[in-house]
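Start by looking at the chain below.

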Amino acid sequence: MTRNRFYLISFMVVAAVAAGPAVSFGPATQTSAEVWPDYRGPLGDGHAIATGLPLKWSETENVRWKTPIPGRGWSSPVILGGQIWLTTATPDGTKMSVICVDRETGKILLNRVLFETVEPDPINDVNSYASPSAIVESGRVYVHFGMYGTACLDTKSFETVWQRRDIRCKHSVGPGASPVVFEDKLILTMDGVDTQYVIALDKTTGSTAWKTERSAELGVVGPEGRKSFCTPLLVSSNSGTILVTPGARAFYGYDPRTGKEIWRVKHPGYSIGSRPVVADGVAYMNTGYDRSEVWAVRLGGQGDATSSNVIWKCQRGMPYKPSPLVIDRLLYLIGDDGMATCLDAKSGETVWKERLGGHFSASPLYAEGRIYCFSEDGKISVLKPGRKLEVIAESQLADGFMASAAVAGKAFYLRSKTHLYRIEDWKATR
């Protein structure tokens, strides 16, 4: 994603505001350097436009504040104004909470239990009961715990505006997909072992606006082969906005206003956690388990586009959970096992492939011409983008990362397994 595109969309937002209230822009077009409304940033692609960010840090260097976060949750922080929002849960999943942190001081302003469940389904070791990230816009924050509940809160009064507990599917190992906002709708993907669908809620009331069942023919696959955990991506095109959303056995493009399926591309996988990225009209998507592959899929068309829209496939050593980055027509991937890969985005050819070490769940982030990678053991590797691997800095914090990083102003906001950090060269900003 080029910086020019960020400036263009920022200009569009300013023009829309000037034109009056008839035009509605959700978090996907809030591109100020002070806003991080989605777990992968203003455009959902892991690119940050903030400047003045630190290159290195430690527990004693460039830490503005460090706040313990109670419970267990892998949701990424989202930021608007002076507030940081995230979710957490008790380790056993019986209580699920929303947390608001003061961005300036790190003080917890709100820690409220929203949902209680007597006997939640078991989860595996790499998940939590609070893995879906919140999404925030002016005056409202939306929090989602998969089948256990979805709610909207007023960001000024902290009052609950609405909540739903009847949007159900059996996740099998806990929830994972985060919501997205489009115009007046909150869109959720509910891909369980029992049922698979996408649903849009009215943002104001929480009522169902549309619901679309997944159309892939799952055949004789077992229950585990039917699920997915992937957060959708909203993509602008000449024909309008498309909701790109991988599910088990197929990638889909939907009309986010109506839920109508526009196209689908069949693939062999399931349990997808890696979010798509899009560049130059091509979506780069992961097929998930059993055999993790990355496919380049041309956007457009109607109906079954499997034979017409797949440009290339990379079939070795691809990530399951971390989402990719596209920078200057190169595709960067960080594998769960610490294998870093750079592919030519046009051809799919491997440019380089080398091991960083460690294990990864958090998605990489691109800022200030650098790629920041956050491992599960707390190591942060900073890479210089290009046609050879160059590690330009390394840092270490006390605990590891399952959540992806957020950026606002001149600071990183990092959620480790136990704490939320504000990382900033704060001496230079005083």
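A salt bridge here is a side-chain nitrogen of Lys or Arg within 4 Å of a carboxyl oxygen of Asp or Glu. Side chains of opposite charge can pair when their charged atoms come close. The structure holds 21 salt bridges. It is a predicted model, in which local features need pLDDT of at least 70 and side-chain atom pairs count only at pLDDT 80 or more, while totals for chains, interfaces and linings use all residues. Residues are numbered from 1 along each chain as its sequence is written, and side-chain values use heavy atoms, with hydrogens and water left out.

Begin at Arg64. Its partner Glu104 has the closest N and O atoms 2.6 Å apart. Arg64 sits in strand β1 (residues 63-68), and Glu104 in the loop between β4 (95-102) and β5 (108-116), 40 residues apart. Strands (E, at least two residues) and helices (H or I, at least four) are DSSP runs, numbered from the N terminus.

Arg64 also pairs with Glu424, at 3.0 Å between the closest N and O atoms. Glu424 lies in the loop between β33 (419-423) and α3 (426-429) and Arg64 in strand β1, so this bridge ties together parts 360 residues apart in sequence. A network of salt bridges links Arg64, Glu104, Arg422 and Glu424.

How accessible are these residues? Buried means under 20% relative accessible area, exposed over 50%, partly exposed in between (1.4 Å probe, protein chains only). Glu424 is buried, because its relative accessibility is 4%. Arg64 is partly exposed at 28%. Glu104 is partly exposed at 45%.
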